[in-house]
Each structure stands twice: as C-alpha cells, then as structure tokens.
Amino acid sequence: MANNWEYDYADLYRQSPMASGMPSQPPAEPAPAPAPQPPKRRGGAVKKVLGSLLMLVLCAAVGFGGGYLGGQASLRSAPPAPPAATPVPDAAVTAPNTGSGSLSSATAGGSLVNVSAKVTPSVVAVTTEQVTTNGYWGQFVESGAGSGVVIREDGYIITNNHVVSGASSIKVTMSDDTEYSATVVGGDSRSDIAVLKIEATGLTPAVIGNSDNLAVGQTVLAVGNPLGVLGGTVTNGIVSALNREMNVDGILMTLIQTNAAVSPGNSGGGLFSENGELVGIVNAKSRGENAEGLGFAIPINTAMATANDLIDTGYVTGRPALGITVITIKDAQTAAQYAVTVPGVYIQAVDEGGAADLAGLEPGDRFVSVDDQMIETASDLTNLLSTHQVGDTVTVQVSRNRQLITAEVTLGEMAG
C-alpha cells in the first residue's frame, strides 16, 4: 500500500537488535565441541584452593585495619559539617528579572490563564454595515466584522481603519455581550488606525505596553473576533520578528511579525505580552495559501501615537504633505475619461496656498520622479513622503504638455 505521509518516520519506531533481545545477524554455525582432556589430579587442586583462601583472609584483615585507622584520622582533621539548608517552597522560587517585563519561564505557562482573563474584558467585537452599489445587484447592505481594544474607560476604542472605513453603522459588543452603537472619532488609512467612541463609562481599558521593549522569541497572545463570530478568542505564539517592512494594500508599514494564529476578524484586535500589556494591534496576515503562522501587528507605540492625535485633533499631526489630490491612471478607459494618453500619477487638484501651489505645480501634471525616485503609483508617492518631515524640501519632476518641469517643493503639514 502506498505511503500517504510526506515523510516516513517508520525507522524511528523499529526496535534495535539490542533492545528487542533478538540477534542482529543470523545465528552462526555452532562451534565444534573442545576435545576431551585427561582429568587433573584432585590433590593439587585442593592445595591451591586452601592457599587462595589464606591469602584472601590476610588481605581482608590488612584492608579493614588500614581503612579503620584512616577513617579515624580523617574525622579528627575534617571541619564541622554546615547546618542543613531550610527547604524553600516552590512558590517562592522566581527567575531573575531580565528587564523585558515578561514573566519567568517557570510561571509563564500557568500565567497564560490569568493573563487571558485579565485582557479579554478590554477586547471587543466590531460589526459594520455599509451601503454598496453594484451594477448588477444595485444598492445593497454589506456586512463586515473585526475587533477592537478599549484604551480609555470612558468609551474610546482603537481598531483598524480598514475595519470601519466607509461603514454606515458600527456596533461594538463587549466581552459580557453588552452591545453599543459606535461612532468614528477619526481614521487614518496610512497607519491603518481608527478610533471609535461608545457612550459608556467604567470600562476596562487595556494596559498599554512599550513595543520598543519587545524581543524576538517573547511569548504573545492575540485576542480578537476571528471569522466575525468567535469573539474573545485567545491564541498564543511568539514574536517572530520585529520591524518587518511590509507592503499592505500598497502602503509600506513597519510591523511586528508573530506566529500566533490570526484570521479574518482578528483585525483591530490586541496583541498582548505575557504579562498582559497591549503591545500591538493586529492588522494583517499572509495571503499565501502555503503560508502558516505569518501574522502581523502594528506596534502599539505607533498605534497609540496615531490614536491620541485622532482623539485630540481629528488627524495625525506632523505628517508631511504636498497639498494635492492625485489619481493613478492605469487603463485606457480611465485615460480616455481624463483625456490623457500616458499612464501614471496625475495631480487632480492643488490646495490653494499649499506646498505644491507655492512651488508652481498644476492640475494635470504627471509625476515623473521625486528626489530622483520614479513615481508610478500613488503609493510610491505616499511611501516616499513618509520618509520626510514637515519643512523638508524635495525635488519634484513632472511632465506638463510633453515638457519636463522641475520644482523645489517645501513640504507642509497634512491637516485632516
């Protein structure tokens, strides 16, 4: 019968010849019996036996006497024995503090139960409805689901922007099944962070950790609402890698990689350290059908900086901008609609008084490069600007009426 396993481990379970008591080789032919010898004289054997017994008695007497005298001498010269150590209860034994904030390996396994109970009240299920128009079906309501984490006791919840973007209604279900209607305080597509608000007080906010202190191999727990129907699910794993630069839907992000199991619906949920601190917001997993254990989370330091800006100002502060609206033209139909012939990234509108306006850029200009880097998609432009700060000057080349124009643009701040 054919073997259906990828690997054959049968050899690991075969007993060795020594273990089974069976010979490792076929039995050899029996050796011929030795030739008979003439009998020895009994008198010589008896004398030898008596002589051997006398020698054994003499050796034993000498050995016992020497051992006794040596033992007495050592007792007189040896220092007194130390007092017996007092047994220490197992519960009092702890590993030295490594400075990572994690629990000791001796207690970590049992602590996961306690940590799970501690963090699940802070994690919520998020369900959305969105009115969608389709040429075949017309207008219909599309449902979605994700997760979120309570960050303030008065009803502020952090989640992913892609979970709630475009939603016409949002509901939040707490760990005790209490349900609330939620509104969006603010959302940011570049960081994929959004903040929701529900009318409630006395909630249990997550304890915010420091993602800069994470180490590869550290135990983490992902808590969320996988598949949109399994709220409060806890999975565990480790930090597989830090500072992974990943292109998520065209946006370059720096993420935490983990092998804790995450599924659709975990987006917006929490990644917690083994002492119950929120260290990341789950936002992505590998789409490869052969990939397993490849989940990603936004570091909490990044996520909370964005969330606090959204709560305080409604937008992310300190983010550089050109002050334009762009459109990427890839196909002939869109090109014909905008009366252009070359695909690329075009300026659709220019903010009056903004950075691009002050530098002389105009609607209809097609980007060629910024700081000598080719611009072929809007994501190329966004990712390049994210490496700069407000007040930096960049060199922009655009094509206008088949002429190459170069402009020096001093970046302003994106507002709203």
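1. Six strands close into a barrel, in the order β1-β2-β3-β6-β5-β4, with antiparallel pairing. From one strand to the next, the twist averages 40 degrees. Strands here are DSSP E runs of at least two residues, helices are H or I runs of at least four, and both are numbered from the N terminus. Two strands count as paired if DSSP finds at least two bridges between them.

2. This is a predicted model: local features need pLDDT of at least 70, side-chain atom pairs count only at pLDDT 80 or more, and totals for chains, interfaces and linings use all residues. Residues are numbered from 1 along each chain as its sequence is written, and side-chain values use heavy atoms, without hydrogens or water.

3. Look at β4 (residues 169–173) and β5 (residues 179–188). They run antiparallel and are joined by 4 bridges. T173 has E179 of β5 as its bridge partner.

4. Helix α5 (residues 300–312) lies across β2, β3, β5 and β6, at about 50 degrees to β6. Axes are lines fitted to C-alpha atoms, for helices over the stretch in contact; angles run from 0 to 180 degrees between N-to-C directions.

5. The largest nonpolar core has 28 residues. Such a core is a set of buried Ala, Val, Leu, Ile, Met, Phe, Trp, Tyr and Cys residues joined through side-chain atoms within 4.5 Å; buried means under 20% relative accessible area (1.4 Å probe, protein chains only). I151, I158, I193, F272, L278, I281 and A303 touch the most other members. α5 gives the most to this core, 6 residues.

6. I193 is in contact (heavy atoms within 4.5 Å) with residues including I158, I298, A303 and L310, leaving aside neighbours within four places in sequence. A second, separate core has 19 residues, among them V345, L361, V370 and V396.

Methods: Buried means under 20% relative accessible area, exposed over 50%, partly exposed in between (1.4 Å probe, protein chains only).
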